[in-house]
Amino acid sequence: MPNCKTAVPYRGTPEQEERLRQVIAEHKGQPGATMPVLQAAQEIFGYLPEEVQIMVAEGLDIPLSEVYGVASFYSFFSLNPKGKYQISVCLGTACYVKGAAGVLDAVEKKLNIAPGGITPDGVFSLDACRCIGACGLAPVMMINDDVYGRLTPDKVGPILDKYLAEA
Amino acid sequence: MNHIRSHIMVCTGTGCTSSDSPRLISAFEEELLRAGMEQEVRVVKTGCFGLCAMGPIVMVFPEGACYTQVKLEDVPEIVSEHIVKGRIVTRLLHKEDAGADAVTSLAETNFYKNQMRIALRNCGVINPESIDEYIGVDGYTALERILTEQTPPQEIIDCIKKSGLRGRGGAGFSTGMKWQFTYDAKSDDGVKFVACNADEGDPGAFMDRSVLEGDPFSVIEAMTIAGYAIGAHQGYIYIRAEYPIAVKRLEIAIGQAKDYGLLGKDILGSGFDFDLELRLGAGAFVCGEETALMTSIEGHRGEPRPRPPFPANKGLFAKPTLLNNVETYANITWILNNGWEKFAAIGTEKSKGTKVFALGGKITNTGLVEIPMGTTLRTIVYDIGGGCPNGKKFKAAQTGGPSGGCIPESLIDTPIDYDSLTAIGSMMGSGGLIVMDEDNCMVDIAKFFLEFCVDESCGKCTPCRIGTKRLLDLLTKITDGNGTLEDLDTIEELCYHLKDSSLCALGQSAPNPVLSTLKYFKDEYIAHVVEKRCPAGVCKKLLKYEIVADKCKGCTLCARNCPVGAISGVVKGPHFIDTEKCIKCGLCQSNCRFGAIVKH
């Protein structure tokens with residue numbers, strides 16, 4: 001299971017923690033504040049380690065079990081750090097019927113990681129995602145904010161090489 | 001004021017943005033500046049035109065020329081030829097078939113001819129980031145009329161009721177009745193909420209995203225009117241975080257509406273207050289279910305709760321809540337401006353108006369279409385969608401995502417409306433329509449949807465959590481070649497248990513893809529079980545690769561490429577595949593230059 005306690009040590013900076021405290025202060029007392037605060041926290045830290053969950057729980061004055069419950073329920077929240085380049089291969093229906101499984105396979109082979117994993121150097125992390133809504137270009141994958149469409153397994157290698165050269 | 005003689009409309013929906021349309025916009029602007037025409041020609045970023053497969057799309061008005069798959073290097077030519085000299089660049093025009101004459105009027109193409117745009121009326125027409133343009137196409141006239149005339153709420157609700165509009169999110173409940181129930185509901189402290197379901201989680205569906213990207217104001221105006229009608233002063237839009245462009249446009253739109261006094265305190269001086277807040281989802285399919293969505297807005301794990309009480313009585317934060325889907329809201333102001341009679345005249349007896357579908361899968365014109373209810377699947381697939389590409393044979397269409405069913409070719413003349421689709425074991429769903437051709441294995445497709453449901457089941461109720469997993473195990477047994485005929489009966493029985501006993505729509509409808517494929521494609525299941533064969537050649541474990549000795553030239557390419565050394569043979573002599581060693585990766589077949597390797 002990719003979504004369990006991470007083995008990577010916590011490296012949050014005082015600036016990041018200060019920003020999180022500000023977000024918590026803005027939302028405290030609002031109904032349903034947990035999700036927006038966790039979304040902001042993930043944006044600040046890149047993921048939600050135990051230390052951050054504790055800060056959110058104490059800041060919003062709610063049980064840690066509830067924060068963990070929410071953080072582990074939604075696929076958008078990650079308890080593990082993400083790579084410098086986050087790859088999401090779409091496995092939505094439109095992409096699937098057009099051969100997305102082969103594309104995912106090619107990425108897995110090239111980087112030697114499975115969905116939910118991260119390369120040891122922290123450069124790439126890989127996820128299989130559900131529909132990103134670019135079905136007209138199926139099959140697609142996203143690397144950070146860039147979308148690559150009309151993919152075939154042999155197009156994967158050159159695309160990843162481009163990022164490797166920049167890393 | 002400058003006189004604008006030409007408009008260059010560039011689609012900035014997610015599909016075209018992915019094919020680089022933002023860079024086209026800056027290129028057009030630079031090119032116009034160079035030609036000194038920046039004062040008389042305006043570049044407009046718009047929402048989705050629908051023809052996503054041909055993106056990026058550029059339309060030039062007043063001529064209405066539709067350029068498809070426009071590249072950066074085409075920009076100078078469009079400006080120098082079309083804009084400066086008035087000569088349309090025919091080589092870039094949208095053509096229905098390669099070789100056919102270029103079509104000048106887009107409205108006459110098969111793709112658009114059979115469509116009727118109500119929910120999408122402003123998509124591709126206005127700049128979604130400008131409230132002035134929305135007002136320019138009669139935006140906010142409905143709200144203004146209602147607030148200045150102080151129309152009685154019951155009158156608005158009656159109008160929606162009489163229009164026959166039904167929820168576009170999937171289940172098809174009468175929208176007017178929903179408004180009525182929430183209006184009638186008593187709240188102890190008078191607080192009620194309006195909410196919009198923009199958590200479009202069906203894989204392969206992008207209708208709501210396109211509406212929000214192309215015309216966010218129509219949803220905001222409709223929600224404000226809904227607030228007035230049911231007596232709410234706070235609204236929430238729950239939208240997927242996976243839709244960054246739609247989120248950004250909504251934020252801009254809400255900000256502009258506030259600046260114009262069309263949201264917030266004392267709207268248009270009427271004394272009516274209404275505010276809107278965006279809440280981002282976090283990637284849980286079950287949150288598209290109404291009670292789970294509200295639990296999520298409240299800040300908890302998005303688990304559904306039993307109904308009744310229905311949201312109309314006890315919804316968000318235990319207050320009466322009106323929850324409608326994006327596309328439902330997009331119809332509201334059209335109905336109020338054009339009259340319920342006009343809306344009720346479109347469609348079939350029990351399904352009025354139009355429905356937006358996201359066409360995807362094995363179809364030529366992938367994209368967004370809006371058709372009057374009652375249009376047949378044949379019209380959608382063949383006339384609008386252009387049929388399956390590469391001359392392949394149409395096999396089935398799947399509507400309703402993981403909750404819907406597969407419609408076989410024999411039922412292709414079924415009119416598309418809520419009741420006809422339910423009658424044949426599928427459902428309208430939110431509007432994803434995935435086309436499959438002869439190369440798709442229906443058992444594999446059923447398995448695909450079940451895997452999705454297993455992943456997305458929230459785990460609260462046992463039938464869904466364990467039932468979907470057991471169903472998947474049985475299907476996997478079949479695609480692995482270990483299935484028995486009794487398994488087929490067990491699958492069917494389990495499906496009905498799931499339908500009867502799951503807490504929410506996710507579990508209740510999860511068996512639909514399995515049941516409908518079992519019903520219409522039983523021969524494929526039997527082939528997997530009895531003959532241990534996958535007729536479409538998809539299920540890997542049932543595949544066998546073989547070398548046709550007559551065609552093999554003994555070039556050794558396959559043997560050199562085989563990752564597991566399963567191919568043997570001598571140079572210039574026929575080769576042979578050891579099926580025991582073969583992992584069915586297909587590398588040999590894709591490398592063979594003589595077509596000597598067959599799979600079956």
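Predicted model: local features only at pLDDT ≥ 70, side-chain atom pairs only at ≥ 80, totals over all residues.
**Entry 1. Chain A overall**

I began with chain A and its secondary structure, which comes to 7 helices and 4 strands. Reading along the sequence, I wrote down the pattern α-α-α-α-β-α-α-β-β-β-α. Along the principal axes, the C-alpha atoms of chain A fill a box of roughly 50 × 30 × 25 Å. I looked up burial next: 38% of the 167 residues of chain A count as buried. Of the contacts in chain A with a separation of 6 or more, 64% are between residues 24 or more positions apart.

I then went to helix 4 of chain A. Its buried residues are A:Val67, A:Val70, A:Ala71 and A:Phe73. They pack against helix 2 and helix 3 (50-60) of chain A.

**Entry 2. Where A meets B**

I looked up the contact between the chains and found 29 residues of chain A against 38 residues of chain B. On the chain A side, helix 2 (34-45), helix 4 (64-73) and helix 5 (93-97) each supply at least two residues. Helix 5 of chain A gives the largest share of that side, 4 residues. I sorted the chain A side by class and noted 18 nonpolar, 10 polar and 1 charged residues.

**Entry 3. Nonpolar cores**

The largest nonpolar core has 219 residues. I asked which members touch the most others, and these are A:Cys90, A:Val140, B:Val58, B:Val219 and B:Ile225. The list has residues of chain A and of chain B. Helix 10 (residues 216-230) of chain B gives the most to this core, with 10 residues. As a general point, nonpolar side chains in soluble globular proteins tend to be buried together.

I followed up B:Val58. Leaving aside neighbours within four places in sequence, B:Val58 is in contact with B:Ile8, B:Met9, B:Val10, B:Leu24, B:Tyr67 and B:Val70. Another core, of 11 residues, lies apart from the largest one; B:Ile567, B:Ile577, B:Cys588 and B:Cys592 are among its members.

**Entry 4. Helix 7 of chain B**

After helix 7 of chain B comes B:Gly164, with a positive phi near 80°.

**Entry 5. Two sheets of chain B**

I traced an open sheet of 4 strands in chain B, in the order 7-6-5-8 and with parallel pairing. Its edge strands are strand 7 (275-280) and strand 8 (321-325), each pairing on one side only. The twist averages 20° from one strand to the next. Strand 6 (residues 234-239) and strand 7 of chain B pair over 6 bridges, and B:Tyr236 stands opposite B:Glu277 in strand 7 of chain B. Helix 12 (residues 290-297) of chain B lies across strands 5, 6, 7 and 8 of chain B, at about 105° to strand 6 of chain B.

I also traced an open sheet of 5 strands in chain B, with the order 10-9-13-11-12 and mixed pairing. Its edges are strand 10 (367-372) and strand 12 (406-408) of chain B. Neighbouring strands here are turned by 30° on average, direction ignored. Strand 11 (residues 394-399) and strand 13 (residues 432-437) of chain B run antiparallel and are joined by 5 bridges. B:Ala397 stands opposite B:Val435 in strand 13 of chain B.

**Entry 6. Backbone exceptions**

Most residues other than glycine have a negative phi, and most peptide bonds are trans. I looked for departures from this.

- The bond from A:Ala138 to A:Pro139 is cis, with omega near -10°; A:Pro139 is in the loop between strand 2 (124-129) and strand 3 (141-143) of chain A.
- The bond from B:Arg307 to B:Pro308 is cis, with omega near -5°; B:Pro308 lies in the loop between helix 12 and strand 8 of chain B.
- A:Asn112 has a positive phi of about 60° and sits in the loop between helix 6 (100-111) and strand 2 of chain A. A:Asn112 counts as exposed because it has 9 C-beta neighbours inside 10 Å.
- B:Lys572 has a positive phi of about 65° and is found in the loop between strand 15 (567-568) and strand 16 (576-577) of chain B. With 10 C-beta neighbours inside 10 Å, B:Lys572 counts as exposed.

Conventions: Residues numbered from 1 in each chain as written. Chains lettered and ligands numbered in written order. Pairing = 2+ DSSP bridges. Axes fitted to C-alpha atoms, helices over the stretch in contact; angles between N-to-C directions. Contact = placed C-beta atoms within 7 Å. Nonpolar A, V, L, I, M, F, W, Y, C, P; charged D, E, K, R; others polar. Core = buried A, V, L, I, M, F, W, Y, C linked by C-beta atoms within 7 Å. Buried ≥ 20, exposed ≤ 12 C-beta atoms within 10 Å, placed from the backbone.
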